[in-house]
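Below are some comments on the model you sent.

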Amino acid sequence: MSQDQNTPFITETIKDKVATLSFYSPASNSFPSSQLEKLTEMINTLSDNANITTIILKSEGTGAFCAGASFDELLSIKDTQTGQAFFSGFANVINAMRKSPKIFVGRIHGKTVGGGVGLAAACDYCFATSNAAIKLSELAIGIGPFVIEPAVSRKIGKTAFTDMSLNAHEWKTATWAQTHGLYGEVYDTVERLDLEIDTFVSRISSYNPEALYEMKRVFWEGTDHWTELLYQRAKISGKLVLSDFTVNALNQFKKK
């Protein structure tokens with residue numbers, strides 16, 4: 001990781017027919033709104049690139065894959081419009097991945113929370129390490145996983161989503177995530193993870209691009225209404241983030 005470790009960034013590399021997007025934030029790879037906007041733009045640009053078929057989504061470092069939303073930015077929100085705009089950032093990323101003709105492969109190397117679980121769920125296929133536990137902690141801070149719910153429920157089912165949401169302080173293991181369909185493969189080491197991903201994307205990139213595109217449409221069949229739905233959900237989160245409960249909870253979490 002050669003970039004400034006005090007500044008969030010997203011890098012893009014392209015090799016053969018495979019693009020890799022890697023994001024970083026010093027706060028456990030959590031997302032400020034500027035990063036969500038940039039990620040959406042980069043996904044849309046790659047989606048128009050006829051020379052690639054596959055996009056790997058990963059994060060930097062050896063700690064968390066993604067800690068979800070930036071707590072600092074959540075605490076800075078002072079009105080519902082700003083709140084809705086922030087949570088719409090996750091809606092934009094998920095919708096960009098959903099609408100893209102490219103196959104998204106998630107590299108989930110560590111723990112992931114909240115919006116990070118949504119990003120994993122928006123991938124068409126995920127590889128993870130045994131350290132990649134997941135948690136939906138939103139109710140514990142006074143909001144809820146409203147925006148990411150359609151993506152997560154689509155992968156693990158409404159019952160498992162309910163379990164995760166209500167047990168907001170509980171980590172679910174990578175094995176649990178695999179059993180419930182969020183992860184396709186789980187490996188004990190990052191080295192094995194990367195080896196298997198390389199093999200997988202190499203194979204995928206050799207397939208007929210037209211067939212991959214048509215399969216992508218099949219994978220996401222019945223989700224056209226998400227464009228409106230996710231923004232409606234962002235409005236709910238944007239209102240709740242202003243509550244005294246949430247402000248106090250966020251401040252308590254930051255002290256830990």
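1. This is a predicted model. The loop between β2 (18-24) and α1 contains Ser28, and the phi of Ser28 is near 55°, a positive value in a residue other than glycine. Ser28 has a relative accessible area of 42%, so it counts as partly exposed.

2. Asn29 belongs to the loop between β2 and α1. Its phi is also positive, at about 60°, although Asn29 is not a glycine. Is Asn29 buried or exposed? With a relative accessible area of 3%, Asn29 is buried; the cut-off for that label is under 20%.

3. A pair of packed helices is described by the distance between the axes and the angle between them. For helix α1 (residues 33-47) and α3, the axes come within 9 Å and cross at roughly 20°. Angles under 35 degrees count as roughly parallel, and α1 and α3 are therefore roughly parallel to each other. The crossing of α1 past α3 is left-handed.

4. Which residues make this contact? On the α1 side they are Ser33, Leu36, Leu39, Thr40, Ile43 and Asn44. On the α3 side they are Phe86, Gly89, Phe90, Asn92, Val93, Ala96 and Met97. By class, the residues of the contact of α1 with α3 comprise eight nonpolar, five polar and no charged.

5. Ile94 is also placed in helix α3. Its relative accessible area is 1%, so Ile94 is buried. Leaving aside residues up to four places away in sequence, Ile94 touches Gly118, Ala122, Val147, Ile148, Ala151, Trp226 and Leu230. Leu74 lies 20 residues from Ile94 along the chain, and the C-alpha atoms of the two are separated by 19 Å.

6. Helix α10 (residues 226-240) passes a simple length check. At 1.5 Å a residue, its 15 residues should span 21 Å, and the end C-alpha atoms are 21 Å apart, which agrees.

7. Which residues of α10 are buried? They are Trp226, Leu229, Leu230, Arg233, Ala234, Ser237 and Gly238. The cover over these buried residues includes α3 (80-99) and α5 (149-156). Trp226 and Leu230, listed among the buried residues of α10, are touched by Ile94, which has its place in α3.

Notes: Residues numbered from 1 in each chain as written. Predicted model: local features only at pLDDT ≥ 70, side-chain atom pairs only at ≥ 80, totals over all residues. Heavy atoms only, no water. Helix = DSSP H or I, 4+ residues; strand = E, 2+ residues; numbered from the N terminus. Expected span 1.5 Å × (residues − 1). Buried < 20%, exposed > 50% of the residue type's maximum accessible area, 1.4 Å probe, protein only. Contact = heavy atoms within 4.5 Å. Axes fitted to C-alpha atoms, helices over the stretch in contact; angles between N-to-C directions. Parallel < 35°, antiparallel > 145°, perpendicular 65-115°, else oblique. Left-handed = near helix turned anticlockwise from the far one by under 90°. Nonpolar A, V, L, I, M, F, W, Y, C, P; charged D, E, K, R; others polar.
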